[in-house]
Amino acid sequence: MKSEGNPLDLRVWLEQVRALDELTEVVGADWNLELGAISELNAKKDLPPALLFDEIKDYPKGFRLVTCSSASPARLSTMLRMETERSPLKLVQALRGKPSEWQTNAVNYDPVVTASGPVFENTLSGDAVDVNLFPSPLWHEKDGGRYIGTGCMVVTRDFDSDWVNVGAYRNMIHDRNHVGLNMIPAKHGAIQYRKYMKAGKPFPVAIVLGCDPLGYWISGLEVPFGMCEYNYIGAIMRQPVSVVNGPLTGLPFPAAAEIVLEGWAYPGDERIEGPFGEFHGYYSSQAETAPVVTIERIHYRNNPIIMGSPPAKPPNDYSYAKAVTRSAMLTDALHAAGVPDVVAAWAHEIGGARMFNVVAIKQRYAGHARQAGHVLSQCGVGAYLSRYAVVVDEDIDPSNLHEVMWAVATRTEPDLDIDIIKRGMGSKADPMAIAYQHKGFSSKAVIDACRPYDFINEFPPVAEASRELQEKTRTKWQHIL
Ligand SMILES: Cc1cc2nc3c(=O)[nH]c(=O)nc-3n(C[C@H](O)[C@H](O)[C@H](O)COP(=O)(O)O)c2cc1C
């Protein structure tokens with residue numbers, strides 16, 4: 001499909017966020033722990049704004065960093081090119097079916113290559129290359145170093161095909177022209193890297209450190225093996241991504257990228273990387289060796305903006321967006337598995353959108369609740385690192401932890417209503433992996449917190465005002481309620 005490309009300009013998106021009144025500018029924060037702590041506390045607010053840091057200590061005015069980009073329904077829906085939505089559950093409903101639609105349409109949206117773009121406003125090479133030019137934070141006290149890449153896109157090309165992959169893999173600064181590249185072994189970038197190493201060849205890398213957040217968000221999602229994330233992003237925008245080819249590596253990156261590091265990971269050059277927190281809120285793995293990229297070229301826009309998205313104990317910078325995206329995918333998976341009358345599913349932020357998932361159903365038959373719970377726990381998108389799958393009745397809002405835990409406290413008999421699945425799919429990144437000697441297993445609990453189906457009509461009624469009375473009262477007494 002031929003059309004003019006979209007260069008993924010972060011500044012265009014920031015103006016939309018400003019118009020939504022969801023952008024706060026922060027002046028004078030210290031890159032050394034303060035910026036990270038401000039971002040972390042901000043992410044714990046009920047409706048956190050995006051933060052745009054400027055005049056960061058030791059850095060010139062204009063060298064900026066943004067955090068918390070996707071942590072509200074309005075910002076996330078804007079990012080995903082949907083109608084502005086302010087209700088999380090409605091956004092999940094609106095998102096249902098979209099991931100498979102985007103995947104199918106991706107083939108029609110090859111990126112378009114342009115000769116130039118704002119990313120080339122400044123270029124550094126040779127001795128001038130210095131990543132310390134940009135305000136990379138020391139995000140948390142126990143981090144192994146300063147991380148320039150968190151909300152980043154790492155662009156690489158396959159060794160023996162034309163497949164370009166773009167993954168969000170964090171980057172720790174080693175020195176002025178070296179950064180670490182943390183890729184879990186099964187990730188596509190890691191698979192490509194191993195092919196180059198086996199052949200004894202340097203691995204070309206371009207690291208995009210800021211653009212429209214849709215870029216890093218899709219780079220952080222499991223796009224199928226062999227598919228380029230630029231195609232997937234194009235399908236979301238219904239417009240191809242406009243890219244320029246890196247003069248050093250030939251790798252494509254968005255024409256309006258804020259900062260791009262180009263270089264090579266050389267065979268044998270691996271150094272200690274980390275530790276750094278994970279999405280579930282723990283430093284679950286030790287500092288280990290990881291590939292190192294030798295940076296030979298830096299391109300950046302005037303007054304560049306780093307996209308920051310650090311993990312931490314949830315709620316964190318991106319746990320909300322993960323919760324919404326994964327809730328839509330889980331709801332689709334339950335439907336695809338044939339579970340009827342699913343009202344809504346929710347992948348809670350407290351479990352990093354993986355470890356504590358809830359589904360609300362309208363019970364139709366004996367065994368319906370267990371069926372929904374086991375599918376939620378074991379379906380393709382749900383099985384990795386799932387720990388608790390909770391099933392509630394339709395009067396419970398699955399995204400509201402108070403309501404969910406009230407149902408668990410009052411509608412379960414533990415010896416009857418908790419099924420344990422032993423030796424299920426775990427992860428080395430699981431903080432509890434120690435209990436399984438890091439062998440990759442994990443047990444799972446399916447909690448049936450629905451009213452017992454066989455006594456559903458005798459179950460005690462709920463002691464609260466009816467929905468109608470609540471609504472009538474809220475309307476009449478809104479000045480005090
Ligand atoms: C903000 C953010 C940071 C991430 N950091 C890492 C990381 O450092 N290493 C990693 O292997 N995966 C990381 N991930 C997850 C991967 O980006 C994700 O699994 C993605 O699918 C990887 O791309 P791939 O499927 O092309 O391998 C991160 C995800 C996000 C959203």
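This report walks through a sheet, some cysteines, a surface patch and a helix residue in the structure above.

The model is predicted, so local features need pLDDT of at least 70 and side-chain atom pairs count only at pLDDT 80 or more, while totals for chains, interfaces and linings use all residues. Residues are numbered from 1 along each chain as its sequence is written, and side-chain values use heavy atoms, with hydrogens and water left out.

**The sheet**

Let's start with an open sheet of 5 strands, in the order β17-β18-β19-β21-β20 and with mixed pairing. β17 (342-347) and β20 (418-425) sit at the edges with a single partner strand each, so one side of each has no neighbour in the sheet. On average, neighbouring strands here are turned by 15 degrees against each other, direction ignored. That angle uses axes that are lines fitted to C-alpha atoms (for helices over the stretch in contact), and angles in general run from 0 to 180 degrees between N-to-C directions.

Who does β20 pair with? Its partner is β21 (residues 441-448): the two run antiparallel and are joined by 6 bridges. Two strands count as paired if DSSP finds at least two bridges between them. Zooming in, I420 has A445 in β21 as its bridge partner. Strands (E, at least two residues) and helices (H or I, at least four) are DSSP runs, numbered from the N terminus.

**The cysteines**

How many disulfides does a search of the whole structure find? The count is 0, where a disulfide is a pair of cysteine sulfur atoms within 2.5 Å. Here are two cysteines whose sulfurs are too far from the closest cysteine sulfur for a bond:

| Cysteine | Closest cysteine sulfur | Relative accessible area |
|---|---|---|
| C152 | C211, 10 Å | 0% |
| C379 | C450, 17 Å | 11% |

C152 counts as buried, and C379 is buried too. Buried means under 20% relative accessible area, exposed over 50%, and partly exposed in between (1.4 Å probe, protein chains only).

**The surface patch**

W477, I480 and L481 make a nonpolar surface patch of about 350 Å². Patch residues have over 30% relative accessible area and no salt bridge; like charges are joined within 9 Å, and nonpolar side chains (Val, Leu, Ile, Met, Phe, Trp, Tyr) within 5 Å. A salt bridge is a side-chain nitrogen of Lys or Arg within 4 Å of a carboxyl oxygen of Asp or Glu. W477 lies in the segment after α13 (467-476) and counts as partly exposed, because its relative accessibility is 38%.

**A helix residue**

S219 belongs to helix α7 (residues 214-219) and, at 6% relative accessibility, counts as buried. From S219 to A256 is 37 residues in sequence and 17 Å in space, C-alpha to C-alpha.

Terms used
Accessible areas come from the Shrake-Rupley method with a 1.4 Å probe; for residues, only the protein chains shown count as cover.
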